[in-house]
Amino acid sequence: MTEQQIIKAISKVDGLCGMTVNEQLYVCGLMDEFDKAIIVDKNKAKKILELLGVDKPSIEKIVTE
């Protein structure tokens with residue numbers, strides 16, 4: 001999935017700010033993409049979280065756990 005496809009998936013969903021990161025990933029249809037990225041391409045996983053609006057310290061914590 002390209003960055004543009006990820007942005008498109010995120011932009012289709014309203015009200016993301018009231019959700020947990022897992023909820024955001026799920027409703028945007030990005031859960032599987034993120035799960036793969038966290039194993040194979042941590043930079044892509046970080047980018048997905050960044051595009052969701054997750055703050056930098058939280059991104060680092062999520063990706064390094």
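This is a predicted model: local features need pLDDT of at least 70, side-chain atom pairs count only at pLDDT 80 or more; totals for chains, interfaces and linings use all residues.

Student: What does the secondary structure of the chain come to?

Tutor: Helices (H or I, at least four residues) and strands (E, at least two) are DSSP runs, numbered from the N terminus. Here there are five helices and zero strands, and the radius of gyration, 11 Å, is close to the 11 Å that the globule rule gives for 65 residues, so the chain is as compact as a globular protein of that length. That radius is taken over C-alpha atoms, and the rule is 2.2 Å times the number of residues to the power 0.38.

Student: Which residues of helix 3 are buried?

Tutor: Buried means under 20% relative accessible area, exposed over 50%, and partly exposed in between (1.4 Å probe, protein chains only). An α-helix has 3.6 residues a turn, so residues three or four places apart point the same way. In helix 3 (residues 31-40), the buried residues are Glu 33, Phe 34, Ala 37 and Ile 38. They lie on the same side of helix 3 because they cover an arc of only 130° around the axis, the arc being that of the directions from the helix axis to the C-beta atoms. On the face turned away from this buried side are the exposed residues Asp 32, Lys 36, Ile 39 and Val 40.

Student: What covers the buried residues of helix 3?

Tutor: The cover includes helix 2 (21-27), helix 4 (42-52) and helix 5 (56-64), where contact means heavy atoms within 4.5 Å.

Student: How many disulfides are there?

Tutor: A disulfide is a pair of cysteine sulfur atoms within 2.5 Å, and by this rule the count comes to zero. Cys 17 is in no disulfide, and the nearest cysteine sulfur, that of Cys 28, is 12 Å away.

Student: Is Cys 17 buried or exposed, and is Cys 28 buried or exposed?

Tutor: Cys 17 is exposed, because its relative accessible area is 80%, whereas Cys 28, with a relative accessible area of 7%, is buried.

Conventions:
Residues are numbered from 1 along each chain as its sequence is written. Side-chain values use heavy atoms; hydrogens and water are left out.
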